[in-house]
Amino acid sequence: MNKTVNQKAWLFVIPVFILVAFNAAVPLMTVVNYSFQETFGNNVFTWEGTRWFKQILRSDRFHDALGRQFLFTGIILLIQIPLGIFIALTMPKKGIGVSVCLVLMSMPLLIPWNVVGAMWNIFALPEIGFLGHTLNDLGFDYNFTQQIGDAWFTTVLMDVWHWTSLVVLLSYAGLRSIQPAYYQAAEIDGASRWAVFRHIELPKMKKVLTIAILLRFMDSFMIYTEPFVLTGGGPGNATAFLSIDLVKMALGQFDLGPAAAMSLIYFFIVLLVCWVFYNLMMRNEEQK
Amino acid sequence: MSLELKSVEKKVGQNTHIYSTNLRFEKNSINILLGSTLAGKTTLMQIMAGLDKPTKGEIWFNEKNVTGVAVQKRNVSMVYQQFINYPNFTVFDNIASPLKITGISSDQIKKKVWEVSELLKLSGMLEKKPNELSGGQQQRTALARALIKDSGLILLDEPLANLDFKLREELREELPKLFENRDCIVVYATTEPSDALLIGGNTATIEEGKVIQYGKTIDVYNKPTNLVSARVFSDPPINISDVKKSGDTFSLSQDSVKWKSKDVSLKDGKYKVGIRPHNITTYKEGTNSVEIKGKVLISELSGSESLIHFENSNMNWVSLSNGTHQMNVGQEAKLYMNVDEFMYFDQNNNLVSNV
């Protein structure tokens with residue numbers, strides 16, 4: 001039988017195509033456009049090839065920002081994932097306590113980023129902030145606007161406060177989906193609390209934890225607003241993570257070419273890490 | 001060896017889940033808890049295992065009171081409706097898991113796992129993880145975990161309910177053989193009367209938290225002490241209708257269906273008759289049958305059987321015949337009831353006669 005060829009169905013794809021074009025493709029291509037050219041006033045462009053990419057990849061400034069970024073993301077993942085799982089494990093499983101805990105846990109997630117930054121800035125100020133003042137009263141020489149260690153400590157603490165809830169909520173959902181029969185079977189076997197966690201809860205939470213790690217990686221790797229409001233990247237460049245450094249370069253110094261190249265490199269790093277991570281997890285899944 | 005429940009009661013808040021229950025299971029017996037969903041079978045099993053404490057009453061095992069003893073110290077095994085295995089262990093490690101805390105040598109563990117896996121036809125998949133197995137194999141693994149540690153009490157909570165029809169039949173046939181030469185008490189909860197009949201042993205019919213009747217499976221089936229027990233032990237549901245006895249004749253109310261009584265001791269008056277669906281057929285069966293007519297409501301063929309729902313005297317009847325008998329909905333059907341298999345109950349729903 002001959003099939004009638006009718007390509008009109010493609011018309012239905014047009015709205016999506018337009019949407020995606022404006023949403024992703026056009027802005028991205030603009031950046032690509034800048035990254036290969038030098039820009040002067042009056043829309044004059046000259047072709048520069050891969051010069052900006054080489055410059056960025058060889059610059060110490062980029063290496064430092066990237067190092068700080070990986071360090072920050074590593075620290076908050078190491079704190080938030082175990083802490084989130086631990087809080088989820090200790091949360092009540094029935095009764096009024098469940099709703100109370102869930103609402104309390106959701107609160108930090110509902111606060112806008114810049115408000116979180118401003119809140120913590122005031123909270124941590126050594127003279128008037130509750131945290132800063134208390135720490136100084138206790139004899140710690142704490143000043144996040146001047147000392148690198150204190151700036152990092154405050155930034156990490158702020159992110160832990162803001163985002164651990166997400167890990168808690170995801171872990172809690174994973175835990176709640178485990179049938180009670182698993183716990184009973186473990187009880188009959190005489191399994192220890194640790195064995196129950198290691199051999200029942202953790203494997204059963206694996207999928208939600210994958211999502212949690214992936215989300216927390218992406219969000220923390222692209223973090224901008226909160227440290228920008230809290231420390232502005234300082235003292236010096238101590239908390240200038242990739243995005244903060246990028247904005248400085250693009251809008252502060254107006255180096256559009258190198259900034260465009262940097263944002264593309266930045267984008268590919270995020271994409272690459274997510275891809276590697278996702279594939280590792282999926283391959284692990286297939287082996288089972 | 002024996003397991004005994006003495007006046008066991010279970011309340012959760014204001015709700016009574018199990019009413020005062022007395023049961024005694026003997027050594028090397030298979031005992032079936034038969035009842036619908038939420039009848040209390042699982043609660044009863046969890047109390048037997050020690051996973052749940054009774055509100056009142058005592059549990060005795062081997063003539064010893066074990067009411068407060070923790071489940072790990074009781075030497076029990078349990079298999080659930082869901083396929084419960086450790087997700088990141090191989091089949092081998094899963095089967096071995098109950099032995100690991102007993103501290104016996106790994107050579108002995110290997111030997112035992114090998115034996116049990118042979119018995120349950122799992123020897124080819126010891127290196128696999130549970131989620132690589134079919135449902136039937138996963139449940140076999142769970143069964144192997146229950147069998148490996150020589151428990152005195154093995155509890156099976158609807159173990160076949162999540163399996164598809166063929167696997168269920170296959171495993172159901174094997175089950176009684178698995179327990180044959182074991183020194184243990186098996187308790188098997190199910191909603192299916194056919195499970196009870198195929199496995200045999202003893203049956204306790206359970207309804208709304210009460211044990212209605214306990215005895216040899218075949219006796220409970222043939223002589224239910226009351227209507228509730230008869231209803232629990234009948235699938236498709238048993239037909240129950242009011243009947244009047246006068247002289248030596250029974251008659252259905254509002255209808256001309258009549259038959260002769262064989263039980264001379266029964267007084268005249270009102271009774272209820274229980275007729276199992278397979279005793280109403282499209283053909284005459286037995287020497288003593290009576291005709292019943294009705295309008296066909298539903299006609300279903302399932303394999304080699306025909307299920308016909310029909311209406312007579314404002315009541316819906318269910319009949320089950322061997323062979324395929326296609327009927328049209330709405331047509332007038334003529335069926336035959338086997339009078340010899342009728343069960344009569346008094347107004348208090350207790351069995352008074354089954355001849």
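These legends walk through close-up views of a predicted model.

**View 1. The two domains of chain B.** Chain B splits into domain 1, residues 2-232, and domain 2, residues 239-353. Where the two meet, domain 1 of chain B puts in nine residues and domain 2 of chain B puts in nine residues.

View 2. Two elements of chain B, α7 (217-222) and α8 (227-232), each give two or more residues to the domain 1 side. Of these, α8(B) gives the most, with three residues. Sorted by class, the domain 1 side has four nonpolar, three polar and two charged residues.

**View 3. B:Ser306 and its surroundings.** Here we zoom in on strand β17 of chain B, residues 305-312, which holds B:Ser306. This serine is buried, because its relative accessible area is 0%, under the 20% cut-off. A polar atom of the B:Ser306 side chain sits 2.6 Å from the backbone oxygen of B:Gly323. Beyond its neighbours within four places in sequence, B:Ser306 also touches several other residues, among them B:Glu300, B:Leu301, B:Ser319 and B:His325.

**View 4. Chain A against chain B.** Now for the meeting of the two chains: 18 residues of chain A are in contact with 24 residues of chain B. About 1,900 Å² is buried between chain A and chain B, and carbon and sulfur atoms give 58% of it.

**View 5. A salt bridge between the chains.** Between chain A and chain B the count is one salt bridge. The partners are A:Asp189 and B:Arg145, whose closest N and O atoms are 3.0 Å apart. Four residue pairs are also in polar contact between chain A and chain B. On the chain A side, α8 (180-189) and α9 (193-221) each supply at least two residues. The largest share comes from α8(A), with eight residues. By class, that side of chain A has eight nonpolar, five polar and five charged residues.

Notes:
Residues numbered from 1 in each chain as written. Chains lettered and ligands numbered in written order. Predicted model: local features only at pLDDT ≥ 70, side-chain atom pairs only at ≥ 80, totals over all residues. Heavy atoms only, no water. Domains from an automatic or database assignment. Contact = heavy atoms within 4.5 Å. Helix = DSSP H or I, 4+ residues; strand = E, 2+ residues; numbered from the N terminus. Nonpolar A, V, L, I, M, F, W, Y, C, P; charged D, E, K, R; others polar. Buried < 20%, exposed > 50% of the residue type's maximum accessible area, 1.4 Å probe, protein only. Polar contact = N/O pair within 3.5 Å; in protein donor to acceptor, adjacent residues only side chain to side chain. Buried area = accessible area lost by both parts, 1.4 Å probe. Salt bridge = Lys/Arg side-chain N within 4 Å of Asp/Glu carboxyl O.
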